[in-house]
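Please read them with the structure open beside you.

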Amino acid sequence: MNALSTDDLVAKAHGWFSQREWEAFPFQEEVWRAFLSEKSGLLNAPTGSGKTYALWMPCLLEFIRQHPEHHPYQKRNGLRVIWITPLRALAKDIQAALQRMCEDMEVPWEIGLRTGDTSSSERQKQKKQWPECLITTPESLHIMLSQKGAYLTFQDLEAFIVDEWHELIGSKRGVQVELALSRLKRLSKRSLRIWGISATIGNLPQAAEVLLGTNSDNHVFVKAEVDKALEVESILPDEVEKFPWSGHLGTNLLHKVLPIIERSQTTLLFTNTRSQTEIWYQKILEFAPQLAGLMAMHHGSIDNQVRQWVEDALHAGSLKLVVCTSSLDLGVDFRPVETVIQVGGPKGIARFLQRAGRSGHRPGATSKIYFLPTHSLELVEAAALKSAIAAGIVEDRMPLKNCVDVLVQYMVTLAVGDGFRQEELWEEVTNTFAFHELTPEAWGWCLHLITEGGQSLQAYDEYSKAIVEDGVYKVINKRTALRHRFGIGTIVSDPMLKVRLTKGGLLGQVEESFISRVQPGQNFWFAGRALKLERIKDLTVYVKLSKAKNASIPRWMGGRLQWSSQVSSLIVQQLAQAREGRYEFEEVAVLDPLLQVQNTWSEIPSLDTLLIEQFETRDGYHVLFYPFEGHTVHEVMGSVIAYRISRITPITFSIAMNDYGFELLSDQEIPLEEALELDLFTSEGLLEDVRRSINDTEMSKRKFREVASISGLLFQGYPGKQVSFKHLQASAQLLYDVFKEYEPSNLLLTQASEEVLQYQLEQSRLQRAMERIQRQAISIQRPQRPTPFSFPIIVDHLRAKLTSEKLEDRIAKMQVQLEIFANNPKE
């Protein structure tokens, strides 16, 4: 029988669409033809536009071309397709969609799953006979590379597809994907097509280069020209507080949220942190007890079986509301979801679009998202997001380079498996974007580390992991291999303890650093329930259900989201328009009473002005700066400015900040004009001043624990037998001190320091902000009292001094006093 032509195969695909009374988009056919022409590429398509069909269909068409007379009961065909997903929660949904298409097209393929949730028996079954398509994560793929005979597993691989590539690029998990691909290109005996699926990001061409490698030339870029309707509506307060403060407004708008939930078949309510998810779940249940049984919670620390139940219930349409975090950000197709509510500023345009796309998640459907401010000024962020969407502005995702910790882990991964020859691996690794600038000296340092423990750890056998036999680097010690496989991955967190009812099942996991502060008999909220701690034994927290109304909320690490620079810029633009009396969006228009007070007592800054406010209260002397660069930049900038002023005169400050600005508070007058005359915002010597003003040594030590864990210098324990957080801290401290004293040029030490500067302290963005301020005019305003812009920052200062009850009393009194002045036109 003659082989089918590309046109014949594409016609088959259109026939499948027609059977469902659908019509394929042009971008889908463009991908099919490119794939069938053995091209790799990147597909840029909005959420819910059918991008899965665009990439899975040609995989099946290629098999049909190779097997025109295939029979439904034909024997297995080997592992043909690897489908990478960033979240385990996505895997089951993707599996069902891909398997349905196989059955419809009469392609005798099995779609397998291999994630951290896959049972050991299922893994063993897969090794005996691999499915044709395997949906997996970067970590599980690396574990497969650590198995003996990996070269046989991947020899028939024809397609490598990375879903939600925008979520992986810019992270160490993305680097894992790059490294794995570099080896799979060698192991596959077929023409390997590599494809990424990405939502819109600012640097799409670079995203393609990172995925496909620096020497790829046979690739295409496909952009879906699909108009995805998106409606954004803000939930506006009846009356705008002229003196807002962070956190209290959102729950005060529950009476406006409930009708939205009731009108929709299913609603997802997104918060930015797991702690906020717990809080909002409780507040909604208190306000609307009739939702009990119809609402659920979903975040990464809840037990997997509970999360799976929530996802299944979403598919079935049996839930009215799910309160969630980024654990439901990505492309699961929950068709009953009609509405999304975003609580508080998402801090990024791409994140907001991603969450909006959870509603109307199918071609032609409208996505609807409500913005729920947690304080009045966040409405400006809502306007900025609307402005960005209208202009098509989305943030870049900047790829990582030279992550030595990931490289060292990967080298040992291959050595645990079939081994590697250094010449071949050097060629593979340096053709990736992440390591194309790697020097031979750094490469030699990594080889020395895995074989002899490097310069500082040569005396300790446990760090000499690999040996060289006939030019092949391999790990022969079974204990070393086992420990390494358990440590594969780049997500390092505080050790987690299981939370289990004394008479009942597993609820999820909580971080050791939180639960260590809870005493037996005390209550805390978790998984939507009030729990009383009974005891902690064998890394398990045993609890009983409690009827307590007041309980602590777990705080998970890494919860704070940062403003992107694009959001910052757009917020300043919205305020600059308001200064001129122009209101592009209703969100800013409703803030008019607040903005009028701000402009009367002080000023609303223009695009080319840095606003500084200086006044005195009973708490001391205040100076507030408003760069509008986000919390992290302000934290570092505030410390640098305080340090520079202290060089003029001995003075002590306390510092508070939010996304809009930062405050310096002192018990003595602050020499502001003198400091400005001495070029307070100069970028010269900035790095040195950052290091002098912030304890970056302690930050580097904490970051080093992460780097050391990824590289394999720290072993975090076996499943169910994790090493305690205190022990990990002590071991990391010891290694840090040894390297600092005896090997200061240690690459892992250097990497920890650079990651603190670039990612925790945002050095590059700080530098750009300081240079921008240098070009701006300085406007010093001296109001008689705190202004609407300064009030939320002052409140954050008070949080550190007062209990929540006393804080609310103090805030209420301050607001009353300030409102009196604001309502008196003579003031």
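1. I begin with helix 20, whose buried residues pack against helix 17 (404–416); contact here means heavy atoms within 4.5 Å. The model is a predicted one, in which local features need pLDDT of at least 70 and side-chain atom pairs count only at pLDDT 80 or more, while totals for chains, interfaces and linings use all residues. Residues are numbered from 1 along each chain as its sequence is written, and side-chain values use heavy atoms, with hydrogens and water left out. Helices (H or I, at least four residues) and strands (E, at least two) are DSSP runs, numbered from the N terminus.

2. Helix 20 spans residues 478–487, and its buried residues are T480, A481 and H484, where buried means under 20% relative accessible area, exposed over 50% and partly exposed in between (1.4 Å probe, protein chains only). Viewed down the axis of helix 20, these buried residues fall within an arc of 95°, so they line one face of the helix; the arc is taken from the directions that lead from the helix axis to the C-beta atoms. On the other side of helix 20, K478 and R479 are exposed.

3. After helix 20 comes G489, which has a positive phi near 140°.

4. The sheet deserves a careful look: six strands form an open sheet in the order 8-13-12-9-11-10, with parallel pairing, and two strands pair if DSSP finds at least two bridges between them. Strand 8 and strand 10 (295–298) stand at the edges with a single partner strand each, so one side of each is left without a neighbour in the sheet. Neighbouring strands of this sheet are turned by 20° against each other on average, direction ignored; axes are lines fitted to C-alpha atoms, for helices over the stretch in contact, and angles run from 0 to 180 degrees between N-to-C directions.

5. Strand 8 pairs with strand 13 in the parallel sense over five bridges, and the bridge partner of L230 in strand 13 is S367. Helix 16 packs on the sheet, where it touches strand 8 and strand 13, and its direction makes about 165° with that of strand 8.

6. How many of the 14 residues of helix 16 are buried? Eleven are, so described because each falls below the cut-off for relative accessible area, under 20%; among them are E378, E381 and K386. What covers the buried residues of helix 16 includes helix 15 (349–356), helix 22 (565–579) and helix 23 (586–589). Helix 16 (residues 378–391) reaches 20 Å from its first C-alpha to its last, close to the 20 Å expected at 1.5 Å a residue, and just after helix 16, G392 takes a positive phi of about 70°.

7. N272 lies in the loop between strand 9 and helix 13, and at 15% relative accessibility N272 counts as buried. Its side chain reaches the backbone oxygen of G345 at 2.8 Å and makes a polar contact with the side chain of R355 at 3.1 Å. A polar contact is a pair of N or O atoms within 3.5 Å; within protein, one must be able to donate a hydrogen and the other to accept it, and residues adjacent in sequence count only if both atoms are side-chain atoms.

Terms used. The expected span of a helix is 1.5 Å times one less than its number of residues.
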